[in-house]
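Subject: Structure handover

Dear colleague,

Please find the structure below, together with its sequence.

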Amino acid sequence: MKLKIPKINMYSLLLISVFFDAYALIYVDTYPVTMFTIVSILFLIHNIVNNNCKCLKITRQSAIMLVFIIYLFINYIHFDLENTSSFVLTLFFLILSLFSYRDETKESFEGYCKLFQRLMTYMSIYGIYQLIGRLLHLPFTDLIIEGHMVTGYNWTNSISVFGHILYRSNAIFREPSYFSQMLAISLLLYVPIFLSKNERTRGNIVSFILQMIALITTFSGTGILVFIIGMIIFSITKMKKRFFWNRIVPLVIICVIVGIILIFFTNLGNYFLSRIQELFVYNRDASSGFVRFRAWVEVVKEAWTYNFLLGSGIGTGSIYVSKYIVQYFGMTLSGFARVATELGLIGIIIWCNYILSFLNKNEVNVSIRYVLLCCSLIPLIFMQEAFSSNIFWMFIILINCKFTKQVKRRTKQYV
């Protein structure tokens, strides 16, 4: 079956808008108003007004989200109504997710996935050009609009590969790791081309190869981890299926063999091995792995020392980042770490239950791409600041649906 990209609607506009998340239209205080900000507000108003709140149905996801919203208010009140801006932003994302529920056909859902993959192919072509262009000093390697870039945009760094100094590709995303994570999700959505001959078109294969090359140009370990962990979770969910043993297991074996060859017998593999070492030993010149996966434990410990049930209060994560950045250069908090720090044990339990609840769909007509998206979002919460990420919530909105059978149009018969 050939996937069709859906016509422009609020969902496709929301999907397109996150590709311009590095560009700020205006600033409200320190908050950047992006295309996603505008489209998401229109999206929320559209769903509430036009659907007469029919989108607010009692499902497992909505029930958990309602509990989360109630808890957020309790947490905010308990900590004397502090950090109102963080509270409002968090509340907006939660309500946006709550009102995004819809009935969706498998065909239209996969059309959104196709749109996302098509856009990532375009980003891949530009990302490959970006790596070569920065090396040869070609034009348009950075698409910057002065005065309208979100803080932190175009963060990149030079690395030495094969004796050449290269700059990691970030396309038009805020940094290389964001680009790599989006590529990893898109690559996971290509798994069906290995499971079905109908999916194995020339265009899909070419796009898959381009995105694999682009993933390498980011020189980012987080994208590779999202792909590997997402694939492992997907394999576990499909272990009882016949196609798992016929198709997925051989695919995993091939990936493992290729990975071993790249890691142990190429200079590129040596680079990624050095990135893995970041997880175990802190090095100021290569600290991203350590601060992303290890340093946050100390932050959570300190926050839970005061109140392990409620954390330190919404919006306080930035205070800990400012404190620990003196000790750990480039200190950051992942989505998991931020929720655990700010909302405590209660908050992280509710949050994890919400994310995992999407994997427990018992619908017959569920799309395999839906399952792949769910599997990719689980590792993503450990890779970036997912809890306040427009990209992350866009994917939540996309999977927040119930699959229905496509209604066939009746044709009139004339005699």
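With a relative accessibility of 0%, F68 counts as buried, and please bear in mind throughout that this is a predicted model. W351 is likewise buried, its relative accessible area being 0%. F68 and W351 form a tilted aromatic pair, with 6.2 Å from centre to centre and 50 degrees between the planes. This pair links distant parts of the chain, since F68 belongs to helix α3 (residues 60-78) and W351 to helix α15, 283 residues apart.

Another pair is made by F392 and W393, whose ring centres are 6.1 Å apart and whose planes stand at 90 degrees, so this pair is edge-to-face because its angle is over 60 degrees. Both F392 and W393 are buried. One aromatic cluster is formed by F68, F92, F93, W351, F392 and W393, and a search of the whole structure finds 22 aromatic pairs.

Turning to the helices, the axes of α13 (residues 296-307) and α15 (residues 335-357) come within 9 Å and cross at roughly 5 degrees; α13 and α15 are therefore roughly parallel to each other. On the α13 side the contact is made by W296, V299, V300, A303 and W304, and on the α15 side by F336, A337, A340, T341, G344 and L345. Sorted by class, this contact of α13 with α15 has 9 nonpolar residues, 2 polar ones and no charged ones.

Finally, helix α5 (residues 106-136) has 31 residues and reaches 45 Å from its first C-alpha to its last, close to the 45 Å expected. After α5 comes H137, whose phi is positive, near 60 degrees.

How values were computed
Residues numbered from 1 in each chain as written. Predicted model: local features only at pLDDT ≥ 70, side-chain atom pairs only at ≥ 80, totals over all residues. Heavy atoms only, no water. Helix = DSSP H or I, 4+ residues; strand = E, 2+ residues; numbered from the N terminus. Expected span 1.5 Å × (residues − 1). Axes fitted to C-alpha atoms, helices over the stretch in contact; angles between N-to-C directions. Parallel < 35°, antiparallel > 145°, perpendicular 65-115°, else oblique. Contact = heavy atoms within 4.5 Å. Nonpolar A, V, L, I, M, F, W, Y, C, P; charged D, E, K, R; others polar. Phe/Tyr/Trp six-rings, centres within 6.5 Å; stacked < 30°, edge-to-face > 60°. Buried < 20%, exposed > 50% of the residue type's maximum accessible area, 1.4 Å probe, protein only.
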